[in-house]
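Please open the structure in your viewer and keep the selection panel at hand.

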Amino acid sequence: MKNTKLDMQQDYAIDQSRRGTLKGLAGLGLGALAGGLGIGNAVAASKVTMGFLYVGPRDDYGYNQAHFEGKSAIAKQSWIKAVDQENVPETIAVQKAMESMINLDGAQVIFPTSFGYFDPHILKIAPKYPDVMFLHCGGLYDANKHPKNVGSYFGYIDEAVYISGIVAGHTSKTGKLGYIAAIPIPQVLRNINNFTMAARSVNPKITVQVVFTGGWSNPVKEAESANSLIDQGVDVLTCHVDSPKVVVETAEKRGVFSCGYHADQSKLAPKGFLTGAEWNWSKIYLDYATMIAKKQKIPNLIRGGFKEGLVKSSPYGKVVSAKAKAHADKVRAQFMKGDFVVYQGPIKDNTGREVIPKGKSYGQTDYWLETMDWLVEGVVGKTKG
Amino acid sequence: MSGEESQWLTVLIAVLGGAIRVGTPFLFVSLGECLTEKSGRINLGLEGNLIMGAMAGYGVAWITGSAWLGVLAAGATGVVLGFVHALLCQQPRVNDIAVGIALMILGTGLAFFIGKPLIQPTAPHLPALHLGAWSDNPALRAALEINALFIVGVLLAPAMAWFFKSSRWGLAIRTVGESDDAARAMGLNVNGVRMLATMAGGFLAGVGGAFLSLYYPGGWSEGLSSGQGLMAVALVIFARWDPMRCLYASLLFGGAGALGPSLQAVGVTSGYYLFNAAPYVLTLILMIAASSTKVRSGMPGSLAAR
């Protein structure tokens, strides 16, 4: 039933955009349409209406679930109306879904949460609706190039990944860690680098073996990668894919340790789970809603880590030693104060090239880090296939 | 053992393990498709059976607490989809390939829709036989953790070959597959035979789905199949409608699927896009090779006639 309704909405959305182009020609029809829209907006005006789009299912134990949890948390507020749609492909379908949220639900702000929604989809729809804010989750926004009603928000989840790396470094006995990643884009590489540097801060001999599966959700390949890494002697696994469920479960089955990602996976591996890097979207979504309710200007760019409350660590597993906890807690406290710099020279990449010279350091907010295309010393893997 | 040697051993073991683990769903779907195609009908909808089977199997295993009941439920779901396919195809002027594509889309969508509440729960998994217990190499032990379904599949292939060659029923299926007219002249119920063959084929594909969700990789998610059912259908053509060749081809495809991740795991990091695409490259090569007339020799007559 729900799907039928959705399809109708989408069809209606196409109709509307067609009518949009006919505006100048059909004055009479336009009047009726504007009247219809007016009613919709009047109802919505009493509440802050927010629209969320996810590329996968809401409860995938991963990326989409983290956003859905954020949306659900704010939807409890009586003054917020939050609508969402899952499984929206990164095609023209997302444009239709966004238009339908704006035109039918009266959404004032849209959160297209997947990386691939930005270009061309958001960039195409945003100029058509200058009063609606489009906030993309990711690092693609550029103030010089993109429309004023587009923005981006992202958490420095690499801070939480760094904490995972410390715990992994303390726990590993073989000195070999495994990272199963989807695609070598900057955010993924930054997580791998943070994890590696954190583990090597505990034991400089540690290496991190990377496998790129080539897609965000490919359970069979993820399981194969996990098995191969474990066969190769890896004893702590972590991953950057949409749903870490398969990786964490495979690690548990094979009796090695695992660090989670996106959401809390501790339930999936009661024996071997160490900790994990999680998003904490509910805070930023509530902040945005408050800004809209108070009619404040929404900043185009929001970034934050532990300090701003955008990311958190999963609770420590049973096997984590007191020493590892103390080390991890200490570094987290430094992140909270905002005086821990991960990218402090000299740093070499894994081909031996010096990427950050001695004396140079890049703070967490530095845009340069969002263009990362190298893997740090200690990683076994390549960014280009 | 030197480091280099142990690395290649790891790849070899991974490919062996992959052939068994990744190959099992291919094996079941391709045997199912082989059975259906022998009766003269193509069921492209087995991808839908695979996904529906995975979902239904996982759901029933979770609710009842028995993984084997899940396997039965997965098979039953496949039978229902096979029945729908056969029922639609025996109507006048209905194209079996078009029906197959429709059922593939239906099965996928339905499984995603009904399967929503199944992503989170953890269902009991199928038990594995530890055939590698004699070895002290942990990697080899893991690769030889073999699921009972794989063994069933391996035994099923020669059984099916014998069934086609030497049994009365097998002869009936082959006759129907070769020529409608000849089968009618023999007094066979053409539609009836095809319906049974499609339902049995659907059952096997559904069981293949249960292997995905209840054993490897385990768990229900929407990316679980990602086209494996379709590849298995292509594999039947490569196997020239011979169940034994279906077995070899499934193992080959399974091993190819494991190649990309395992090469990266040992540090061969160049060209991973190519290695990850190995099963698809293999499918294309096989399809080109199979399109030569020589290879089509095993094709059932009523498929060739079109």
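The stops below go from one whole chain to the interface and then to single residues.

Before selecting anything, note that this is a predicted model, in which local features need pLDDT of at least 70 and side-chain atom pairs count only at pLDDT 80 or more, while totals for chains, interfaces and linings use all residues. Residues are numbered from 1 along each chain as its sequence is written, chains are lettered from A and ligands numbered from 1 in the order in which they are written, and side-chain values use heavy atoms, without hydrogens or water.

**Stop 1: chain B**

Select chain B and colour it by secondary structure. The chain has 15 helices and two strands (DSSP runs, numbered from the N terminus: helices are H or I with at least four residues, strands are E with at least two). Its radius of gyration, taken over C-alpha atoms, is 20 Å, close to the 19 Å that the globule rule gives for 306 residues, so chain B is as compact as a globular protein of that length. The globule rule is 2.2 Å times the number of residues to the power 0.38. Along the principal axes, the C-alpha atoms of chain B fill a box of roughly 70 × 45 × 35 Å. Of the 306 residues, 56% count as buried (buried means under 20% relative accessible area, exposed over 50%, and partly exposed in between, with a 1.4 Å probe and protein chains only).

**Stop 2: the interface**

How many residues of chain B are in contact with chain A? There are 43, and they meet 41 residues of chain A (contact means heavy atoms within 4.5 Å). The area buried between the two chains is about 3300 Å², of which carbon and sulfur atoms give 49%; buried area is the accessible area (1.4 Å probe) that two parts lose on being put together, summed over both. Select Q120(B), A265(B) and Y272(B): they supply 18% of the area that chain B buries against chain A, more than any other three residues.

Next, select E86(A) and K116(B). They form a salt bridge, with the closest N and O atoms 3.8 Å apart (a side-chain nitrogen of Lys or Arg within 4 Å of a carboxyl oxygen of Asp or Glu).

**Stop 3: S225(A)**

Move to helix α8 (residues 219–231) of chain A, where S225(A) is found. Is S225(A) buried or exposed? This residue is buried, with a relative accessible area of 0%. Leaving aside neighbours within four places in sequence, S225(A) is in contact with I180(A), V211(A), T213(A) and P261(B).

**Stop 4: D231(A) and R254(A)**

Select D231(A) and R254(A), a salt bridge whose closest N and O atoms are 2.8 Å apart. D231(A) lies in helix α8 and R254(A) in helix α9 (residues 245–254) of chain A, so the pair ties together parts that are 23 residues apart in sequence. D231(A) is buried at 15% relative accessible area, whereas R254(A) is partly exposed at 22%.

**Stop 5: E278(A)**

Finally, select E278(A) in strand β10 (residues 273–279) of chain A. E278(A) is buried, with a relative accessible area of 7%. K312(A) forms a salt bridge with E278(A), the closest N and O atoms being 4.0 Å apart.
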